[in-house]
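Good morning, and thank you for joining.

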Amino acid sequence: MSRAPPAPPSLEVLRKEIDTIDEEVHRLLMARGDIIDRLIQVKQTQEVGSAFRPAREADMMRRLVQRHRGILPLDTVESIWRVIISTFTFVQAPFSVHADTSLGEPAMRDSARFHFGFTVPYVAHFSATAAVEAVARSKGDLALVSAVDSRTPWWIALETDGAPKIIARLPFIERADHPAALPVFVVSRVADSAMVTEVEMWSVRVSGWNAQVTRALSPLAEIVAVPDTAFDGAALLVSVAGAENLKTITSALVEAGASVRSSALVGSHARRYTVTANGAAT
C-alpha cells in the first residue's frame, strides 16, 4: 500500500515560522544600524553634507529586482528598501525633502513618501525654483521636481560650480502600475565620486525656438522646455546618454533653424530599470 501524504503543518506552526522570520528581520535591521553607527565615525558624514550615494543606490535596486521572486509585490519590496536606505541615510546626516507641488500635491507627496518614508521631513513649495533654492541654502537636503514639465527654467540655477545638481530620476524601477509613478528629478549636493553618469543632464539655451524645432528633437532625447520670449527662444533641460549625444542634439537644433546660445552640464543619473507587465526587466 502507498503511504498517505504527510499532513500539512498547522496554522500555529506556520505562524511561529513567520514570527521567527520577523524577529530575524528586526535583528538584521538593528545590525545594519550598528554598522551605520560605525560608518558615521569612520566617514564623519556630518561634515561633508548629503550622505546620498546615487551610484550605489542604483546598483542596490537593480540587484533587488534581479533576485526578487514569489507572491510579495515588487512595489512593496521596492518601497521597503527605499525607506530603509533613506532612513539610514537620514541617520547618518539629517536632511529634508523639498518638493515642488505646483503641478499637483498628491502625486508629489506620494512619490516623496514612497521613496523616502515618513522619518525624513517633507517640505512643500509652490514652485520648482523655491524648492531648488532651499536645497542650495542647505547642507544636504534634496529637492523633488517634475521630470516632464515645468513653468520655470529652474535648472539654470544648477549651472554654476558649487551649485546643487540633478543626482537621480525617480521612480528608478519603472512599470505601468507603479504606485508612485510621477517622474521626478532629485536635486542635491553629493560627492563627485558618488554620482552615476549613465544619463547626463544638460541645460541648453536656444534662440529661434518653434514647433519645427520641437518636432526635430522629440525623437532624439527627453526634453523639458520653457519658452524664453526675451530671445524668441527657450531654456531646455535635455537628458542624453553622454557628450556625443549632446552633439547630435545641438546639430539637430541648428538644422531645424535654432541657434544654441549656451550649454552647461547640470547633473546626471542612472538609466531607469523598466519592468514589463510579464515581470521581465529591461
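**Salt bridges and a buried strand**

A network of salt bridges links R169, E174, E222 and R272. By salt bridge I mean a side-chain nitrogen of Lys or Arg within 4 Å of a carboxyl oxygen of Asp or Glu. Please bear in mind that this is a predicted model, in which local features need pLDDT of at least 70, side-chain atom pairs count only at pLDDT 80 or more, and totals for chains, interfaces and linings use all residues. Residues are numbered from 1 along each chain as its sequence is written, and side-chain values use heavy atoms, with hydrogens and water left out.

Let us take the members of the network in turn. R169 forms a salt bridge with E174, and the closest N and O atoms are 2.9 Å apart. Is R169 buried or exposed? R169 is buried, at a relative accessible area of 6%; buried means under 20% relative accessible area, exposed over 50%, and partly exposed in between, using a 1.4 Å probe and protein chains only.

E222 forms a salt bridge with R272, with 2.7 Å between the closest N and O atoms. This pair links distant parts of the chain, 50 residues apart: E222 is in strand β8, and R272 is in the loop between β10 (259-269) and β11 (273-274). Helices (H or I, at least four residues) and strands (E, at least two) are DSSP runs, numbered from the N terminus. E222 is partly exposed, at 35% relative accessible area, and R272 is also partly exposed, at 28%.

The count of salt bridges comes to 13. One of them joins E24 to R27, at 2.8 Å between the closest N and O atoms. Both residues lie in helix α1 (residues 11-43), three residues apart, or about one turn of the helix.

I now return to the sheet. Strand β8 (residues 222-228) runs antiparallel to β9, and seven bridges join them; two strands pair if DSSP finds at least two bridges between them. Here I223 stands opposite V238. Strand β7 (residues 199-207) also pairs with β9 in the antiparallel sense, over eight bridges, and R205 has A235 as its bridge partner.

Why is β9 described as largely enclosed by the rest of the structure? Because eight of the eight residues of β9 (residues 233-240) are buried. G233, A235, L237 and S239 point one way, A234, L236, V238 and V240 the other, and all are buried. In a regular strand, side chains alternate between the two faces of the sheet.
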